[in-house]
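The following note sets out points for a colleague who is examining the model. Please read the numbered paragraphs alongside the sequence and the coordinates.

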Amino acid sequence: WRFATDGPVRYAPAVAGNVAYVGSDDGWIYALHIQDGSLLWRHRPGPEDRRIPGNDRIISAWPIRSGVLVDRGTVFATAGLYPEQGVFACALNATHGAVRWQQSLDVSPEGYLLSTDNLLIVPTGRASPIGLDRETGQFVRAFDTGGGTYAVASHGELFGGPGNQGSLAAL
């Protein structure tokens with residue numbers, strides 16, 4: 001099967017049970033049935049359906065530029081590029097897409113989201129990732145990495161680094 005969005009899909013889908021969750025540069029998070037690709041629900045974290053030029057395409061002013069993370073019945077994602085224009089993180093019910101929380105961010109999310117028992121870790125491209133409370137979305141902390149695009153969370157610890165310098169640090 002195939003499913004078309006109105007913008008590029010930049011990150012691999014997250015799969016939980018019989019559902020694939022994916023974000024698109026069109027500004028929507030989609031939940032698709034993995035057997036036939038049918039749409040189960042969709043959610044747009046941005047405030048409206050406004051389009052802008054981006055990478056030689058027309059995209060949402062609030063594209064989904066992080067991977068979608070599914071954990072314990074919750075879908076986490078971010079939308080937006082520039083904090084001054086509005087950037088959002090959200091947590092959605094995995095079954096029907098209802099909003100559990102949505103928060104404004106002061107960073108530009110880019111990369112795959114990570115989680116620990118208590119934190120949602122939001123990568124920010126070459127800047128240091130931040131940690132949000134998984135239950136509320138409230139900012140908890142910034143990780144002082146000096147930037148980096150690679151990170152892994154394991155046993156409650158976060159490891160990351162710039163990748164192109166051959167280094168990795170416990171954060």
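**Notes on the predicted model**

1. Asp71 stands opposite Thr74 in β8. This is a predicted model, in which local features need pLDDT of at least 70 and side-chain atom pairs count only at pLDDT 80 or more, while totals for chains, interfaces and linings use all residues. Residues are numbered from 1 along each chain as its sequence is written, and side-chain values use heavy atoms, with hydrogens and water left out.

2. The strand β8 covers residues 74-79 and pairs with β7 in the antiparallel sense over three bridges. Strands here are DSSP runs of E with at least two residues, numbered from the N terminus, and two strands pair if DSSP finds at least two bridges between them.

3. β9 and β10 run antiparallel and are joined by five bridges. Ala89 has Gln103 in β10 as its bridge partner. The hairpin of β9 and β10 has five residues between the strands, and Gly97 in this hairpin takes a positive phi near 80 degrees.

4. Which residues touch the most other members of the largest nonpolar core? They are Tyr21, Ile29, Trp41, Val68, Val75 and Leu92, out of 18 residues in that core. At least two core residues come from each of β2 (19-23), β3 (29-33), β8 and β9 (88-93). Apart from this core lies another, of 13 residues, including Phe76, Ala89, Trp101 and Leu132. A nonpolar core is a set of buried Ala, Val, Leu, Ile, Met, Phe, Trp, Tyr and Cys residues joined through side-chain atoms within 4.5 Å. Buried means under 20% relative accessible area, exposed over 50%, and partly exposed in between (1.4 Å probe, protein chains only).

5. Val75 has contacts, that is, heavy atoms within 4.5 Å, with residues including Tyr21, Ile29, Trp41, Cys90 and Leu92, not counting residues up to four places away in sequence.

6. The structure holds six salt bridges, each being a side-chain nitrogen of Lys or Arg within 4 Å of a carboxyl oxygen of Asp or Glu. One of them joins Arg65 and Asp25, with the closest N and O atoms 2.8 Å apart. This pair links the loop between β6 (57-60) and β7 to the loop between β2 and β3, with the two residues 40 residues apart. Arg65 is buried at 13% relative accessible area, and Asp25 is buried at 0%.

7. Asp49 and Arg51 form a salt bridge with their closest N and O atoms 2.9 Å apart. Asp49 is partly exposed at 44% relative accessibility, as is Arg51 at 31%.

8. Returning to Asp71, its side chain meets that of Arg72 in a salt bridge (3.5 Å, N to O). Arg72 is exposed at 55% relative accessibility. A network of salt bridges links Asp71, Arg72, Asp117 and Arg134.

9. Pro47 lies in the loop between β4 (39-43) and β5 (51-54) and is exposed, with a relative accessible area of 53%. Pro47 touches Trp62 and Phe88, not counting residues up to four places away in sequence. The C-alpha atoms of Pro47 and Phe88 are 9.5 Å apart, against a sequence separation of 41 residues.

Conventions
Helices (H or I, at least four residues) and strands (E, at least two) are DSSP runs, numbered from the N terminus.
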